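Dear colleague,

Please find below the structure for your review. A summary of the findings is set out after it.

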Amino acid sequence: MSESTPAIGRPLLDYIVENFAQPERELLHRMWRRAQQAGLPHIMIAPEQARALAILVKAAGVRRALDVGTLFGYSAANLALALGPRGRVVSIEVDARHAEVARANLEELGLAQRVEVICAPALEAMQRMDGDAFELLLVDADKANYANYMEEGVRLVKDGGLMAFDNVFAFGSLLDKPKENEDPDVAAIRAFNVRLARHPKIQATILPIGDGLGVGVVNKAPLLHKP
Ligand SMILES: C[S@@+](CC[C@H](N)C(=O)[O-])C[C@H]1O[C@@H](n2cnc3c(N)ncnc32)[C@H](O)[C@@H]1O
């Protein structure tokens, strides 16, 4: 959920996207057509984040990826393309209409065999999965559950695998003074970032692209140098 709140200024962002994420931008335009007609929101990961994730997928030799929050299938499609024909993506979406649009988009792109869209609340679906089933987890769904997705992720992602979390700049509000009637999603992200930074089994950082992409490597043996 990133395109409208870039962490860097618009000119630098445009430079990066024009020079380093054109295919991802074109794919977004293509997939957005059906989503717009169906009245879905324009809150997917940003093209420059899609490119960064593709690089991580390839560098880490990811074969199976778990995508939490499908919407119209943009992040799932990008992951599937990065994984290649032998890779598999499982994408979880609670909203049946979103899942339907995503499935139609993935079918049109010839990616339906590579992406399984599960229509269910993500945490429940994750709790039913076997451990160590994935090498990468991407989280971009309800912010209140980010910490829960992270904990399930430590079980579901293999040792040395990757996790990524969109919107860790809290829609640009991360460093605003907390106010009384704060958006609960902003408060959830603030609390989540503290847990991510201190998690004994995740070595993490934030890539300042899109609305902030938290990324981490899972270390099943607890890290010793954490505070
Ligand atoms: C920001 S959008 C995902 C965008 C997508 N990752 C992309 O970049 O193309 C968030 C999605 O998460 C879904 N969602 C919200 N809460 C959820 C939950 N508890 N379980 C599964 N999906 C959920 C929403 O319906 C929405 O489609």
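The notes below cover the ligand site and then the salt bridges.

This is a predicted model, in which local features need pLDDT of at least 70, side-chain atom pairs count only at pLDDT 80 or more, and totals for chains, interfaces and linings use all residues. Residues are numbered from 1 along each chain as its sequence is written, and side-chain values use heavy atoms, with hydrogens and water left out.

The ligand is surrounded by 21 residues (each with a heavy atom within 4 Å of it); the closest are Ile45, Gly69, Glu93, His98 and Ala122. By class, this shell comprises 13 nonpolar, 4 polar and 4 charged residues, where Gly counts as polar. Helix 4 (74-83) and strand 2 (88-93) each contribute at least two shell residues; both kinds of element are DSSP runs (helices H or I, at least four residues; strands E, at least two).

Polar contacts are pairs of N or O atoms within 3.5 Å. A polar side-chain atom of glutamate 93 lies 2.6 Å from a ligand oxygen. The protein covers 90% of the 600 Å² of accessible area that the ligand has on its own (Shrake-Rupley method, 1.4 Å probe).

The structure holds 10 salt bridges (a side-chain nitrogen of Lys or Arg within 4 Å of a carboxyl oxygen of Asp or Glu). One of them joins arginine 10 to aspartate 14, with the closest N and O atoms 4.0 Å apart. These two residues are separated by about one helical turn, because they are 4 residues apart in helix 1 (residues 10-20).

Yours sincerely

Technical notes
A polar contact is a pair of N or O atoms within 3.5 Å; within protein, one must be able to donate a hydrogen and the other to accept it, and residues adjacent in sequence count only if both atoms are side-chain atoms.
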